[in-house]
Amino acid sequence: MTEKKTSGMTENADYSEWAFRETNPADVFEKPEALDDLLVLDAGRGSFAGLYASSLLAELGAEVIRVEPPEGDPARRMSPYGMMIQGTGLGYIVEGRNKFHITLDLDRDEGRRLFAGLARKADVVIETFKPGHMDSIGLGYRQLSAVNPGIVCCSIHTCGQFGQEAERNRNQPDYDIVDQARGLVMSVTGESELDADVPETFKRPLKQGNWMGWYAGGAWAVFGILLALFHRRRAGVGQLVDCSPPEGLGAMANYAIPFYHLTGRLMPRAGNYDYAVFPYTYVKCKDGYAFISGSADPNWTALCEIIERPDLISRFPSIRERLDPPNQPVIRREIEAFTTRHTTDELLEMVTAYRNRPDRKGVVVTGRLETPRDVLRGEHWAARNTFVKTDDPHYGEVLVQNSTFKSMSRTPGRIKWVCRPVGADNAFIYERHLGLSEKELEELRTGGVI
């Protein structure tokens with residue numbers, strides 16, 4: 001019987017087959033988990049930065065205990081158009097993956113005592129309260145590390161745990177839109193300020209379409225947590241990880257700060273243009289939009305040959321002319337005069353054919369702008385098991401993205417389940433880690449502690 005081959009090959013077909021066998025996401029449950037010896041408490045409140053951070057750790061095998069107030073995390077109510085499944089929003093269902101969910105009122109002394117008991121056994125605590133709040137109730141790193149020296153505490157907040165802005169905004173919760181506003185990227189996102197065809201009323205800052213501040217903050221938080229755990233393995237002690245999401249976004253803001261430092265001018269919003277490389281933009285095609293790039297001189301020549309416009313080579317002969325802001329809309333329109341007559345697939349075929357020509361002048365890159373519909377219909381993503389569909393006993397049939405670490409040859413990430421209802425794992429977790437009986441749990445429930 002002939003072995004079934006994977007869909008799609010690189011130029012080195014033998015390598016592609018080997019990579020597929022080594023990292024096939026269908027085999028993840030036959031491999032060990034990298035973090036299966038970690039216990040993580042996620043005590044975040046109303047913040048997807050904390051939720052995303054603990055989700056990544058849970059994908060890699062950590063036992064994550066999600067600690068919600070008895071009424072549930074406010075983040076459960078954040079959902080497009082108010083869409084709810086069993087009282088839980090779409091975003092929280094995704095970010096509840098692989099976690100155990102318990103309830104605990106940290107405003108009560110008994111709730112704090114129970115949390116401290118769990119923290120004595122934990123490796124990591126994640127919290128997104130206002131700066132210093134956990135310390136003020138006796139559950140900060142200073143108190144927890146006194147009884148558990150190896151613990152890693154990650155505090156996520158817009159302004160961090162100290163500094164003038166942390167003091168001034170100490171009563172402000174961590175919100176994504178504030179993280180974006182303070183993280184530099186939003187200041188350069190929006191319609192181009194230097195495009196004369198764009199009405200002035202449209203030239204204003206735009207937030208990212210997703211909760212980028214929260215997600216960037218959560219990703220950087222995990223990076224800090226893993227580094228702290230690596231240090232603990234060598235030194236035997238944990239540490240505090242002070243994560244400010246805008247600083248994470250700022251690290252992704254390209255050259256906005258160096259540009260201001262060198263010129264004294266603010267970087268203008270570029271829209272679909274770029275003031276460092278151009279053409280490097282999206283253009284309209286017959287069936288949607290495609291990215292296209294041909295910025296360096298040889299690549300620009302190649303692009304002009306592909307779109308059958310050699311006159312543009314002499315018209316915009318150097319990078320200096322192509323980066324001139326007034327020229328960029330003109331160049332984009334000239335390119336679109338060609339691309340609007342072709343589909344995105346035809347454009348890719350032409351670019352590929354040109355790249356195979358022995359007389360090619362340079363390299364042009366193109367790629368279709370894909371919607372969720374396009375991605376879910378794509379054979380490429382199906383072959384890579386990029387999405388998984390689960391029939392959850394609480395939330396029904398749910399389609400979510402697979403672990404971003406699924407394609408690892410030794411310790412891949414995985415999705416074991418999606419979300420849990422509020423307090424679904426109270427009995428299991430409190431008995432397992434604190435030895436509480438059903439009678440004790442009932443007393444805690446009656447008293448409003450859990």
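Reader: In which sense do strand 9 and strand 10 (residues 288-293) pair, and over how many bridges?
Author: They pair in the antiparallel sense, over six bridges. Strands are DSSP runs of E of at least two residues; helices are runs of H or I of at least four; both are numbered from the N terminus. Two strands pair if DSSP finds at least two bridges between them.

Reader: What am I looking at?
Author: This is a predicted model: local features need pLDDT of at least 70, side-chain atom pairs count only at pLDDT 80 or more, and totals for chains, interfaces and linings use all residues. Residues are numbered from 1 along each chain as its sequence is written, and side-chain values use heavy atoms, with hydrogens and water left out.

Reader: Which residue in strand 10 stands opposite Cys285?
Author: Gly288 does.

Reader: What is the strand order in this open sheet of three strands?
Author: The order is 9-10-11, and the pairing is antiparallel. Strand 9 (280-285) and strand 11 (365-368) are the edges, each pairing on one side only. On average, neighbouring strands are turned by 25 degrees against each other, direction ignored. Axes are lines fitted to C-alpha atoms, for helices over the stretch in contact; angles run from 0 to 180 degrees between N-to-C directions.

Reader: Which helix packs on that sheet?
Author: Helix 15 (residues 327-339) does, touching strand 9 and strand 10. Contact means heavy atoms within 4.5 Å. The direction of helix 15 makes about 40 degrees with that of strand 9.

Reader: What is the order in the open sheet of six strands?
Author: Read it as 5-2-1-6-7-8, with parallel pairing. The edges are strand 5 (99-103) and strand 8 (240-243), each of which pairs on one side only. From one strand to the next, the twist averages 20 degrees.

Reader: How many bridges join strand 6 (residues 124-127) to strand 7 (residues 152-156)?
Author: Four, and the two strands run parallel.

Reader: Where does helix 4 (residues 109-121) lie?
Author: Across strand 1 (39-42), strand 2 (63-68), strand 5 and strand 6. Helix 4 runs at about 150 degrees to strand 1. Helix 19 (residues 426-434) also packs on this sheet, touching strand 1, strand 2 and strand 5. The direction of helix 19 makes about 90 degrees with that of strand 5.

Reader: How is the chain divided into domains?
Author: Domain bounds come from an automatic or database domain assignment. Here domain 1 is 31-251 + 420-447, and domain 2 is 280-369. Their centres, taken over C-alpha atoms, are separated by 44 Å.

Reader: What volume has the largest pocket?
Author: A pocket, on a 1 Å grid over the protein atoms alone, is an open set of points where a 1.4 Å probe fits, with protein on both sides within 12 Å along at least five of seven lines; lining residues have an atom within 4 Å of a point. Points are joined across faces, edges and corners, and a volume is the space filled by probe spheres set on them. The largest pocket has about 770 Å³. It is lined by 25 residues, with Val94, Glu95, Tyr215, Val400 and Gln401 closest to its centre. Helix 3 gives the largest share of this lining, four residues. Helix 2 (48-59), helix 3 (90-95), helix 17 (372-377) and strand 13 (396-401) each supply at least two.

Reader: Which domains line the second largest pocket?
Author: Domain 1 and domain 2 each give at least three residues. The volume of this pocket is about 630 Å³. Of its 24 lining residues, Val188, Asn254, Ala270, Gly271 and Asp274 lie nearest the centre. Strand 9 returns here, with the largest share of the lining, three residues.
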